[in-house]
Structures are given as C-alpha cells and as structure tokens.
Amino acid sequence: MPAYPFDPPAASEFPDRLYPLEREAAVAALAVMAEEWQSEPAPVRSRPDRDAVLADARTLLDRYGPTARYWTNATAAASDPAPDFLTAGLQGTRSHGFLTSAYLGGLDLFEDLGLIAVTDAEVGVFWSFGAY
C-alpha cells in the first residue's frame, strides 16, 4: 500500500485538532508559512519586507471575503483565537499534526502548520510542512 501524506483522523477528532482564529491571526499564520522550517535565517518578524509579506497574506485571504471563518491546527489558538504567530515564528509554533509517520517519497515529514479558510461557498486550505 502506498504512503499518503496524511493519516486523516476520524471526523469526530477534528474539533480537538483545529481551533478558530481571528482574521489578523490568520493573516500572520499564513505569513509565517513563508519561513523555512530548519535554520530560518530571517523570520518574517525581522525581515525588511515584513509588511509586504503580511500584505500578500491579506490579499490571499481577501479572496474569501469578510464573512470567512478561519481555523488552524496551531495549539496556541486553543486558548486564544488571536495568537501572535509573528513573534513565535514558524519554528516556535506548535501544532497538532495531521501527518503520517511514514516516509513519503524519501522525505521525513516531521512538522506542519495549517490554516483553513471557510465560507458558505468554498474552503481554502494552506499548509506548510517541515521535512528533511
């Protein structure tokens, strides 16, 4: 049987793995996905183009309109729908994993951060995977 990138949990487990986000926290989560998982030389928070990265993230999420709801697997959102993803950065953001424990195409996938945008008409899924 081939390895798949996800071991999907049962639908009943999703409420325990996904947390709602306020829009600006969703923007920041999407922005930090521009970072590298390993040895990030310039986290978004310290980049000279920080504002441009955030603007790009806003542009992507604007596609879903003002009524969109956002969800993440980042555990920081479990107690706060507006965690500071920029300060934590990609490596400082812990999450519930959705990854399989198997190698996939020679890659060891070991971390992930996801953002899900939901409207009445569509769903957008953005995910960043750490691998080596």
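**From the surface to the ring pair**

Analyst: The chain exposes about 7,400 Å², and carbon and sulfur atoms supply 56% of that area. This is a predicted model. Of the 132 residues in the chain, 40% are buried.

Next, the layout. The chain has 4 helices and 4 strands. Read from the N terminus, the order is α-β-α-α-β-α-β-β. Take the contacts between residues at least 6 apart in sequence: 68% of them join residues at least 24 apart.

Now the part you asked about. The count comes to 1 aromatic pair. Its partners are Tyr-64 and Phe-126, with ring centres 6.3 Å apart. In general, two values describe such a pair: the distance of the centres and the angle of the planes. The distance passes, because ring centres must lie within 6.5 Å to pair. The angle settles the type. The planes of Tyr-64 and Phe-126 stand at 90°. Planes over 60 degrees apart count as edge-to-face, so the pair of Tyr-64 and Phe-126 is edge-to-face.

Tyr-64 has 12% relative accessibility, so Tyr-64 counts as buried. Phe-126 has a relative accessible area of 17%, so Phe-126 is buried too.

Tyr-64 has a further neighbour. The charged end of Arg-63 sits over the Tyr-64 ring, 5.6 Å from the ring centre. The Tyr-64 ring thus takes part in the pair with Phe-126 and also lies under the charged end of Arg-63.

Asn-73 lies in the loop between strand 2 and helix 4 (85–88). Asn-73 counts as buried, at 0% relative accessibility. The side chains of Asn-73 and Asp-112 are joined by a polar contact of 3.2 Å.

Finally, look at helix 2 (residues 23–32). The buried residues of helix 2 include Val-27, Leu-30 and Val-32. Ala-25, Ala-26, Ala-28, Ala-29 and Ala-31 are also among them.

Key: Residues are numbered from 1 along each chain as its sequence is written. This is a predicted model: local features need pLDDT of at least 70, side-chain atom pairs count only at pLDDT 80 or more; totals for chains, interfaces and linings use all residues. Side-chain values use heavy atoms; hydrogens and water are left out. Rings of Phe, Tyr and Trp (its six-membered ring) pair if their centres lie within 6.5 Å; planes under 30 degrees apart count as stacked, over 60 as edge-to-face and the rest as tilted. Buried means under 20% relative accessible area, exposed over 50%, partly exposed in between (1.4 Å probe, protein chains only). A charge sits over a ring if NZ of Lys or CZ of Arg is within 6 Å of the ring centre and within 35 degrees of the ring normal. Helices (H or I, at least four residues) and strands (E, at least two) are DSSP runs, numbered from the N terminus. A polar contact is a pair of N or O atoms within 3.5 Å; within protein, one must be able to donate a hydrogen and the other to accept it, and residues adjacent in sequence count only if both atoms are side-chain atoms. Contact means heavy atoms within 4.5 Å. Accessible areas come from the Shrake-Rupley method with a 1.4 Å probe; for residues, only the protein chains shown count as cover.
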